[in-house]
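I opened this model to look up a handful of side chains and their surroundings. My notes follow in the order I took them.

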Amino acid sequence: MTKTTIDVVIYRDKNYPSSWIDEKAGYPDKIAKFLQERGFEVVNAEELRKFIVKSIEDEDSHRKLVVFAQDIIPDTIVEDVIDPSNTTLREFLDQGGSIL
């Protein structure tokens with residue numbers, strides 16, 4: 001049996017809002033901290049873009065998982081909210097990348 005490595009990052013950026021994940025109760029920070037304490041890297045919006053763009057360029061998006069500790073996707077990866085079919089996030093997903 002071949003072992004496959006999955007790279008996981010946690011997206012949390014205090015410069016971006018959250019909607020239904022209650023910001024006032026601190027849930028985005030609690031989620032990020034919980035996962036960070038278990039060895040996962042927490043990235044901000046710009047770092048998330050770099051992670052996703054690199055995975056697209058390296059053609060290994062199928063080995064990447066992004067966990068959103070907040071529920072609004074940043075404009076660094078969804079550049080066009082009118083036509084989200086032509087965005088960095090869409091390309092990442094089309095190449096097999098995963099989000100949670």
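I started with Thr-76, in the loop between strand E3 (64-68) and helix H3 (88-94). The model is a predicted one, so I read every value as computed. Is Thr-76 buried or exposed? I found Thr-76 buried: the relative accessible area is 8%, and the cut-off for buried is under 20%. A polar atom of the Thr-76 side chain lies 3.0 Å from the backbone oxygen of Ala-45.

**The negative patch.** I then turned to surface charge. Which residues gather in a patch of negative charge? I listed Glu-41, Glu-46, Glu-47 and Asp-75. I took Glu-47 for a closer look. Glu-47 belongs to helix H2, which covers residues 45-57. Its relative accessible area is 37%, so I noted Glu-47 as partly exposed.

**Salt bridges, the count.** How many salt bridges does the structure hold? I noted nine. I followed some of them.

**Asp-29 with Lys-14.** The side chains of Lys-14 and Asp-29 form a salt bridge, with N to O at 3.7 Å. I checked where the two ends sit. Asp-29 is in helix H1 (residues 27-36), and Lys-14 is in the loop between strand E1 (7-11) and H1. They are 15 residues apart, and the pair links distant parts of the chain. Lys-14 is exposed at 65% relative accessible area. Asp-29 is partly exposed, with 31%.

**Arg-12, also on Asp-29.** I stayed with Asp-29 for one more contact. The Arg-12 side chain makes a polar contact with the Asp-29 side chain at 2.8 Å. Where is Arg-12 placed? I found Arg-12 in the loop between E1 and H1. Its relative accessibility is 8%, so Arg-12 counts as buried.

**Asp-60, Lys-64 and Asp-7.** I moved on to a network. Asp-7, Asp-60 and Lys-64 are linked by salt bridges. I looked up the Asp-60 to Lys-64 pair, and the side chains meet at 3.6 Å, N to O. Is Lys-64 buried or exposed? Lys-64 is buried, with a relative accessible area of 9%. I put the cut-off beside that value: buried means under 20%. I also checked Asp-60 against Leu-89. Their C-alpha atoms are 14 Å apart in space, and 29 residues separate them in sequence. Leu-89 lies in helix H3. At 7% relative accessibility, I marked Leu-89 as buried.

**Glu-37 with Arg-38.** I checked one more salt bridge. Glu-37 and Arg-38 form it, with the closest N and O atoms 3.8 Å apart. Glu-37 is exposed, at 55% relative accessible area. I then used Arg-38 for a distance. Val-81 is in the loop between E3 and H3. Val-81 has 68% relative accessibility, so it counts as exposed.

I placed Glu-59 in the loop between H2 and E3. It counts as exposed, at 62% relative accessibility.

**Two more distances.** I finished with two C-alpha pairs. Ser-55 is in helix H2. What is the exposure of Ser-55? It is buried, with a relative accessible area of 1%. Ser-55 and Ile-6 are 49 residues apart in sequence, and I noted 12 Å between their C-alpha atoms. For the other pair I took Gln-36, in helix H1. Gln-36 is partly exposed, at 47% relative accessibility. The C-alpha atoms of Gln-36 and Ile-72 are separated by 20 Å, and the two residues are 36 apart along the chain.

Note on methods
Residues numbered from 1 in each chain as written. Predicted model: local features only at pLDDT ≥ 70, side-chain atom pairs only at ≥ 80, totals over all residues. Heavy atoms only, no water. Patch = residues over 30% accessible without salt bridge, like charges linked within 9 Å, V, L, I, M, F, W, Y side chains within 5 Å. Areas by Shrake-Rupley, 256 points an atom, 1.4 Å probe, with all protein chains shown as cover. Salt bridge = Lys/Arg side-chain N within 4 Å of Asp/Glu carboxyl O. Lys, Arg positive; Asp, Glu negative; His and termini not counted. Charge placed at Lys NZ, Arg CZ, Asp CG, Glu CD. Helix = DSSP H or I, 4+ residues; strand = E, 2+ residues; numbered from the N terminus. Buried < 20%, exposed > 50% of the residue type's maximum accessible area, 1.4 Å probe, protein only. Polar contact = N/O pair within 3.5 Å; in protein donor to acceptor, adjacent residues only side chain to side chain.
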